[in-house]
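Student: I have not looked at this structure before. Could we go through some of its side chains one at a time?

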Amino acid sequence: MTYLNKTFLAIIPARGESKRLPRKNLLDLCGKPLIAWSIEAGLKSKYIDKLVVSSDDDKILDIAVEYKIKGIKRPKKLANDIATTFDAVKHTIDKLESYDYIVLLQPTSPLRNFKHIDESIKLLDQKNADAIISVCEMDHSPLWSNTLDKDGVMDNFLREGILNKRSQDLEKYYRLNGAIYICKTDKLLKEKSFFLKKNTYAYLMNRETSVDIDYEIDL
């Protein structure tokens, strides 16, 4: 279903290997591979016109076939530790017909669902934005953090006035949660980033649905 006469291409980038959690995109999460959660979310979206999986791994591409969506084989040089997400996205864009917007759904965010995707696309229209990026509130305020030297000395670790404040009295901070990135295609290709210099807005998700699978404990 085309939304407001605009077309949306959703890309799920899924490398075969991962240093911190080997083969994580294929790991079982409640009876199905991790990547399947993002595929199902994309398929249930009312506004995504085409959903594709980009991967260098044949087993991951086989899962795309099982869900009857297109899989695009990514060359190994675009799936190593040096290659960026933009590199993979650009490779996919070049293989397909033109779409007005690109929606990036990283497979490491299994609790992001179709409602979040559709709300993000609606927000894009409401804000007349060029890009939408999902965020969530931080678990702990960065005002209570700092670097440490090798001796672990904590002199001046906290700024003046922060030490005796309660957490609820501190300003709220938000972080990227990696779940949803939406960007106008021409702007994305020009700036080579979903985080545009102007006209980018945040879509707020709660912490519970912002889980990012990076380590075994996250599973």
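**Salt bridges and buried residues**

Tutor: A salt bridge joins the side chains of Glu 17 and Arg 23, with N to O at 3.7 Å. The term stands for a side-chain nitrogen of Lys or Arg within 4 Å of a carboxyl oxygen of Asp or Glu. This is a predicted model, in which local features need pLDDT of at least 70 and side-chain atom pairs count only at pLDDT 80 or more, while totals for chains, interfaces and linings use all residues. Residues are numbered from 1 along each chain as its sequence is written, and side-chain values use heavy atoms, with hydrogens and water left out.

Student: Is Arg 23 buried, partly exposed or exposed?

Tutor: Buried means under 20% relative accessible area, exposed means over 50%, and partly exposed lies in between (1.4 Å probe, protein chains only). Arg 23 has 23% relative accessibility, so Arg 23 counts as partly exposed.

Student: Which parts does the pair Lys 73 and Asp 58 tie together?

Tutor: The side chains of Lys 73 and Asp 58 meet in a salt bridge at 3.1 Å, N to O. The pair ties together parts that are 15 residues apart in sequence, because Lys 73 lies in strand E5 (residues 70-73) and Asp 58 in helix H2 (residues 58-66). Helices (H or I, at least four residues) and strands (E, at least two) are DSSP runs, numbered from the N terminus. The parts are therefore strand E5 and helix H2.

Student: Which residues do salt bridges that share partners join into one network?

Tutor: The pair Glu 17 and Arg 23 has already come up as a salt bridge. Through shared partners, one network is made of Glu 17, Arg 23 and Asp 57.

Student: With which side chain does the side chain of Ser 38 make a polar contact?

Tutor: Ser 38 is in helix H1 (residues 34-44), and at 0% relative accessibility Ser 38 counts as buried. A polar contact is a pair of N or O atoms within 3.5 Å; within protein, one must be able to donate a hydrogen and the other to accept it, and residues adjacent in sequence count only if both atoms are side-chain atoms. At 3.1 Å, the partner is the side chain of Arg 112.

Student: How many disulfides does a search of the whole structure find?

Tutor: A disulfide is counted when a pair of cysteine sulfur atoms is within 2.5 Å. Cys 136 counts as buried at 0% relative accessibility, and Cys 183 counts as buried at 0%. For disulfides, the search of the whole structure gives 0.
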